[in-house]
Amino acid sequence: MQVAFDPNNAGKFVMAFQQQGSSGPTSEMFVATGSVSGTTVTTVAPISVGLGGLYGLDFDTNVSGRFAISYVDSSVSGSPGAVRLGTLSGNVITLGTV
């Protein structure tokens, strides 16, 4: 699991994690957003990124709400590395293509 805080949007973060698939050894990756206010943490239901293993997660320091997630793409023969750019707007994550 990895967590990255948006340096341009106080209290907002994205977390990425993988969960073992129920039909075999392949893990599915997810991202979810959340916010911190005082001592309260609020999260939103995760969305699927794809099959594979997590490499990294980080926000773009120059653009509020933009982040990148890198992972091993198990859905492709040879399991190459993959990157997806994401946008966080409010509590909604939008992911670009691989």
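Here is a short chat about reading a few features of this predicted model.

Me: What should I keep in mind before I start?

Reply: Numbering runs from 1 along each chain as its sequence is written, and side-chain values use heavy atoms, with hydrogens and water left out. As the model is predicted, local features need pLDDT of at least 70 and side-chain atom pairs pLDDT 80 or more, while totals for chains, interfaces and linings use all residues.

Me: Is Val49 buried or exposed?

Reply: Buried means under 20% relative accessible area, exposed over 50%, and partly exposed in between (1.4 Å probe, protein chains only). Val49 comes out at 6%, so Val49 is buried. Leaving out residues up to four places away in sequence, Val49 touches Met29, Phe30, Val31, Ile69, Tyr71, Arg84 and Leu95; contact means heavy atoms within 4.5 Å.

Me: And which side chain of opposite charge is nearest to Asp73?

Reply: For charges, Lys and Arg count as positive, Asp and Glu as negative; His and the chain ends aren't counted. A salt bridge needs a Lys or Arg side-chain nitrogen within 4 Å of an Asp or Glu carboxyl oxygen. For Asp73 the nearest is Arg84, 8.1 Å away, and buried Asp73 has no salt bridge.

Me: How many aromatic pairs are there?

Reply: A pair of aromatic rings is described by the distance of the centres and the angle of the planes. Rings of Phe, Tyr and Trp (its six-membered ring) pair with centres within 6.5 Å; planes under 30 degrees apart are stacked, over 60 edge-to-face, the rest tilted. The whole structure has three. One of them joins Phe5 and Phe13, tilted, at 5.4 Å centre to centre and 50° between the planes.
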